[in-house]
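I am opening a notebook on a structure that is new to me. The entries below follow the order in which I looked things up.

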2 protein chains.
Amino acid sequence: MSESKSVTLPLEQLHAFCQAAMERAGADNEYARTVADALTMTDSWGTFTHGSKLLFDYLRRVKAGGMSLTNKPFVSRSGPAWAMVDGQNVMGQVAATFAMRTAIELARTTGVAYVGVHNTNHFGAAGYYSWLAAEQGLIGMSMANDIPSVAAPGSLRAVTGSNPLSYSIPTGPNSDPILLDMATSTVAGGKVYAAHQRGEPIPTTWINGLDGLPTTDGSLYPLKAALQPMSGAKGYGISLMIEGLAGVLTGAALTWQVGSWMFDDPTQPTRHGAAFLAFDVQAMMAPEEYERRIRHVVDEIHAAPTIAGVDHIMLPGEREWKHRHNALANGLTLPADVVAKLDRLADEWGGERVEK
Amino acid sequence: MSESKSVTLPLEQLHAFCQAAMERAGADNEYARTVADALTMTDSWGTFTHGSKLLFDYLRRVKAGGMSLTNKPFVSRSGPAWAMVDGQNVMGQVAATFAMRTAIELARTTGVAYVGVHNTNHFGAAGYYSWLAAEQGLIGMSMANDIPSVAAPGSLRAVTGSNPLSYSIPTGPNSDPILLDMATSTVAGGKVYAAHQRGEPIPTTWINGLDGLPTTDGSLYPLKAALQPMSGAKGYGISLMIEGLAGVLTGAALTWQVGSWMFDDPTQPTRHGAAFLAFDVQAMMAPEEYERRIRHVVDEIHAAPTIAGVDHIMLPGEREWKHRHNALANGLTLPADVVAKLDRLADEWGGERVEK
């Protein structure tokens, strides 16, 4: 394999590459499109750790038999404002998209809805599903459990997953929604890897070593270290809330029962859980009143005085939307590590390389 | 006024004191009991900053005409799984209790419910309302907006309130629920005051001075400093989510429109907003299955290995429940600063002092 370089290309080209790779691996058009939609949107935000880079390793699990490209997720139980989805061990992106669309549909009838998913897989960027709701004018929330990688205050080892929490709030018809997507650890594991690969020591607030104490040696993660919880007891507490709503209540695997999509046996399902909430803004408030109120908050923050060197206070997601608008206008620049993964994908599954 | 000392008394005695003070000020039996319930429970957790200590300043607002002891909050608009409550400018504890009870009732029909409140006041400890749901076997969430006191990344001044977030998860019929109650600032403002009163410098991670940069001088808060957001962009982001659900969507005052219950004109309403969510666990899962699953998580955490000097990993709220069990068995020890406020209350409104 030759060394890969960064590549700039239209978003449509990346989408077509992902869609073709999925179909070549055995997914039907709709399944392939759902995955390509999620990964391309995520890359367009500049969130390359959770975009098309994942596809090579996802399909490794598919080839080994640990994940299905042909099953269909379905609602296994439901009530007026809630549903539980059996993910049928399809890709997390497919089960999560189905679940959030179900939540949006329910919320349009009842105002608010909660949809849980069990028997699913790593779903990439939590923010994508929150955005699915905001794009339709609803407030969306999205979360998932995962195998423990994060310490609790006083613990020797990992106790909870880095359990992501995301929300998105629409801000009007011609305006990007507010969009937060965060891990409940101080930093995501990917940041520890990246610093280690650059040969840099890491801050003492990122990981704890095998003695449970802070360390600056990023090489210890993940096998000999745990991530630190965001703000100590607060991050640990929010992570447990997510374990409750995305794990306990959905029937998914819990904490150490969850498989690691990267490190565990690729012939076996990971049995992740996820949860989605949708709030139908229009059911609760006249659209013009809602827009006036949310714009008040947005405009006030944008006009707030800043410290030296800061142009304006950004809303959650503002940096990502700016990245996307630039990618739409000028093409998306995929970093070399992403191109390398996509090249390996093309080499293993056939088809042209993404840069062609 | 003589100097007050700490006092140990039965919880019933504290409850009776609060109830009598409320009735003497003009509240009817039910209103007074609702407030006494919330404040006494909060004190029993050892959360003295948000318990009966607040009553003196609350009643100062009542006397000035800024808060009502006689209005009745009511549902002003609703749908199948949501309601908006007009708090009618009663005490926050009364409006919030009414709202969470409404959410519980709705969730028993639809599985999940969201209730927003506008025209309300400072509601004390967010965790109390989450617990109201957990006590009935539901998962509860509770949040509120407030006048800005917390910086955003890069801001010179406060941008959002310390907007509290709380949840409570039931763990079975004879077991204390998991209970998190957190400000979205690094630390609550009360901690800054306390360190300043003890003459101690504070860590650089607590507040920013008027130049927007971290300072160790606690005397600057609140007039010449802003609290730092928990984990920077994450705390700021969660705080905005709460502004959306408890402020924008409810019709409450937003950010700087909210009145400070401590510092602003006591003749005027503060117009806080709040939001509550309830998830009816029993609608979604057989009770024995739910209990088995949540106990799995609880027992696993309690058995997790710890660093030296730590007996076991605590669940969110575990310290507070231990404090309450001790207070129930041996009486509650009210710190001197709480007793001083209750003494002023008795002196101003009549009635016996709490220690009598």
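**Domains of chain A**

I began with a domain boundary and found 35 residues of domain 1 of chain A in contact with 26 residues of domain 2 of chain A; two residues count as in contact if their C-beta atoms, placed from the backbone, lie within 7 Å. The model is predicted: local features need pLDDT of at least 70, side-chain atom pairs count only at pLDDT 80 or more, and totals for chains, interfaces and linings use all residues. Residues are numbered from 1 along each chain as its sequence is written, while chains are lettered from A and ligands numbered from 1 in the order in which they are written.

I then looked up which elements supply the domain 1 side. Strand E1 (7-9), H1, helix H2 (29-44), helix H3 (55-64) and H11 of chain A each give at least two residues to the side that touches domain 2 of chain A. Helices (H or I, at least four residues) and strands (E, at least two) are DSSP runs, numbered from the N terminus. H2(A) gives the most to this side of domain 1, with nine residues. By class, the side of domain 1 of chain A that touches domain 2 of chain A has 21 nonpolar, ten polar and four charged residues. Here Ala, Val, Leu, Ile, Met, Phe, Trp, Tyr, Cys and Pro count as nonpolar, Asp, Glu, Lys and Arg as charged, and the others, Gly among them, as polar.

For the bounds, I noted that chain A is divided into domain 1 (7-67 + 335-349), domain 2 (69-185 + 229-334) and domain 3 (186-228). These bounds come from an automatic or database domain assignment. The centres of domain 1 and domain 2 of chain A, taken over C-alpha atoms, are separated by 20 Å.

**A helix pair in chain A**

I looked next at helix H1 (residues 11-25) and helix H11 (residues 336-349) of chain A, which pack at an angle of about 35° with their axes 11 Å apart. Axes are lines fitted to C-alpha atoms, for helices over the stretch in contact, and angles run from 0 to 180 degrees between N-to-C directions. From H1(A), Phe17(A), Ala21(A), Arg24(A) and Ala25(A) meet Leu342(A), Leu345(A) and Trp349(A) of H11(A). I sorted the residues of this contact into six nonpolar, no polar and one charged.

**The sheet of chain B**

In chain B I traced an open sheet of seven strands in the order E2-E3-E4-E13-E5-E8-E9, with mixed pairing. Two strands pair if DSSP finds at least two bridges between them. Strand E2 (74-79) and strand E9 (178-182) of chain B are the edge strands, each pairing on one side only. The twist from one strand to the next averages 15°.

I stopped at strand E5 (residues 139-144) of chain B: six of its six residues are buried, so E5(B) is largely enclosed by the rest of the structure. A residue is buried if 20 or more other C-beta atoms lie within 10 Å of its own, exposed if 12 or fewer, and partly exposed in between, with C-beta atoms placed from the backbone. Ile139(B), Met141(B) and Met143(B) lie on one side of E5(B), Gly140(B), Ser142(B) and Ala144(B) on the other, and all are buried.

I checked the neighbours of E5(B). Six bridges join E5(B) to strand E13 (residues 272-279) of chain B, running antiparallel, and Gly140(B) stands opposite Ala278(B) there. Four bridges join E5(B) to strand E8 (residues 165-169) of chain B, also antiparallel, and Ser142(B) faces Ser166(B) in E8(B). E8(B) pairs with E9(B) in the antiparallel sense over five bridges, where Asp181(B) is the bridge partner of Ser166(B).

I noted a cis peptide bond between Tyr221(A) and Pro222(A), with omega about 5°. Pro222(A) sits in the loop between strand E11 (214-215) and strand E12 (226-227) of chain A. In chain B, the bond from Tyr221(B) to Pro222(B) is cis, with omega near 5°.

Arg271(A) has a positive phi, near 55°, and is not a glycine. Is Arg271(A) buried or exposed? I found it buried, because 20 other C-beta atoms lie within 10 Å. Arg271(B) has a positive phi of about 55° and is partly exposed, with 19 other C-beta atoms within 10 Å.

**Between the chains**

Last, I looked up the chain contact: 55 residues of chain A are in contact with 56 residues of chain B. H7(A) gives the largest share of the chain A side, seven residues. That side has 37 nonpolar, 13 polar and five charged residues.
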